[in-house]
Amino acid sequence: MTAFARNQWYVAAYGREVGRELLARTILGEPIAFYRTEDEEQRVVALADRCVHRRFPLSASRLDGDKVVCGYHGFTYDTTGTCVYVPGQKRIPRTARVSSYPVVEQDSFVWVWIGDPALADSAAVPRAPHLADSENWSSVSGMEPIDADYGLLVDNLLDLSHETYLHGGYIGTPEVAETPITTEVDEAGAIVRVSRHMEDAACPPFYARSTGIEGRITRHQDIEYLAPCLYLLHSRITPVGTDSPAFHTEITYAITPSTEGSVYDFWAVSRDFARDDAEVTTFLHDFNHTVVMQDVDALNLLQRALATEPAGYQELSINIDTGGLAARRILARLAELKQ
């Protein structure tokens with residue numbers, strides 16, 4: 001299993017998911033309850049999802065204003081996790097508090113800091129600005145849980161040659177697997193970049209139906225993986241032999257480990273063309289959801305297969321794995337940092 005890097009920011013939810021109903025998510029093995037305050041700021045609060053008394057899930061409890069009232073015995077917590085009411089007595093035990101987590105809401109995501117709160121730097125949250133730029137981009141998005149080690153999803157997204165075989169008829173064409181990649185690794189910045197530029201490729205249905213292009217295309221895929229969580233795929237297509245029209249798509253993934261052997265797969269597709277076309281929006285949402293579910297099914301199957309492998313089995317890697325192997329090194333280094 002891929003080791004967890006704890007002093008890092010992770011996406012816990014889309015902003016639209018968090019409201020006045022308590023939302024449960026498990027991030028790096030830690031159950032967390034999320035909600036919004038009812039004041040004008042409507043900020044997101046993240047508290048450990050276990051009552052200090054008998055460990056009842058706070059996400060299965062209720063809100064009283066901005067306080068969480070445990071649904072089992074009524075222990076009540078403020079937004080800092082401090083217990084402010086204990087049933088049947090006036091004295092509140094000194095240890096009656098639950099952990100609160102630093103939160104940043106940015107670019108449609110709710111980010112949570114897992115680790116030492118004193119080390120949380122909101123300026124270090126990676127950006128996906130297109131998700132918040134509704135004037136220039138139109139986006140569709142979703143989230144799927146996967147019953148697999150989160151490192152398998154990182155491998156999957158950094159090796160797009162699988163598009164040819166797993167996603168044929170959707171986003172894959174023969175040129176994806178046949179075109180060599182270039183890889184750049186920024187060890188200090190924990191960033192892996194993988195590029196594949198196809199100068200003469202078939203136009204897959206994903207682009208043909210959304211752009212109206214007929215015939216072959218120039219297709220550029222430029223990946224930035226900002227370890228441990230954010231993945232950006234900058235995609236540009238044009239008809240072969242021309243510089244315009246150019247169609248840009250930003251594919252965003254947030255890769256958030258839930259437990260050992262499970263991961264949240266947050267995905268989004270943003271486009272700078274046909275932005276007001278509702279039919280294109282529906283098509284891209286439904287089509288990309290199908291592609292994501294193909295990955296989900298494949299990774300669930302792969303995880304089950306790996307669980308039956310004997311200890312010490314030898315993994316084979318080739319050139320297309322360069323980016324994924326670099327990401328593994330970076331994730332291992334981040335996990336070894338002071339926790």
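These are my notebook entries on what I looked up in this predicted model.

**Ground rules.** I number residues from 1 along each chain as its sequence is written, and my side-chain values use heavy atoms, with hydrogens and water left out. Since the model is predicted, I note that local features need pLDDT of at least 70 and side-chain atom pairs count only at pLDDT 80 or more, while totals for chains, interfaces and linings use all residues.

**Entry 1: a sheet of three strands.** I looked up an open sheet whose strands come in the order β1-β10-β9, with antiparallel pairing; strands here are DSSP runs of E with at least two residues, helices are runs of H or I with at least four, and both are numbered from the N terminus. Two strands count as paired if DSSP finds at least two bridges between them. Because β1 (8–14) and β9 (103–106) stand at the edges with a single partner strand each, one side of each is left without a neighbour in the sheet. From one strand to the next the twist averages 30 degrees, an angle taken between N-to-C directions on a scale from 0 to 180 degrees, with axes fitted as lines to C-alpha atoms. I found six bridges between β1 and the antiparallel β10 (residues 109–114), and Trp 9 stands opposite Trp 113 of β10.

**Entry 2: the largest nonpolar core.** Which residues touch the most other members of this core? Among its 104 residues they are Ile 27, Phe 34, Phe 109, Trp 111, Tyr 225, Tyr 231 and Ile 255. A nonpolar core is a set of buried Ala, Val, Leu, Ile, Met, Phe, Trp, Tyr and Cys residues joined through side-chain atoms within 4.5 Å, and buried means under 20% relative accessible area, exposed over 50% and partly exposed in between, with a 1.4 Å probe and protein chains only. Helix α5 (residues 278–307) gives the largest share of the core, eight residues. I then followed Trp 111, whose contacts (heavy atoms within 4.5 Å) include Trp 9, Tyr 10, Val 11, Cys 229 and Leu 230, leaving aside residues up to four places away in sequence.

**Entry 3: helix α5.** I checked the length of α5: at 1.5 Å a residue its 30 residues should span 44 Å, and the end C-alpha atoms are 43 Å apart, which agrees; the expected span is 1.5 Å times one less than the number of residues. At the N-terminal end Asp 277 caps the helix, with a side-chain oxygen 3.0 Å from the backbone nitrogen of Glu 279.

Entry 4: Strands β2 (23–27) and β3 (30–36) pair in the antiparallel sense over five bridges, and Thr 26 has Pro 31 in β3 as its bridge partner. Is Leu 28 buried or exposed? Leu 28 is buried, with a relative accessible area of 4%.

Entry 5: I counted ten bridges between β14 (217–226) and the antiparallel β15, where Leu 226 stands opposite Leu 230. A hairpin of three residues joins these two strands, and in the loop between them lies Pro 228, which is joined to Ala 227 by a cis peptide bond with omega of about 5 degrees. Strand β15 is mostly covered, as seven of its ten residues are buried.

**Entry 6: Thr 249.** I ended in strand β16 with Thr 249, which stands opposite Ser 235. Thr 249 is buried, with a relative accessible area of 2%, and its contacts include Trp 137, Tyr 207, Ser 235 and Phe 273, again without residues up to four places away in sequence.

How values were computed. A polar contact is a pair of N or O atoms within 3.5 Å; within protein, one must be able to donate a hydrogen and the other to accept it, and residues adjacent in sequence count only if both atoms are side-chain atoms.
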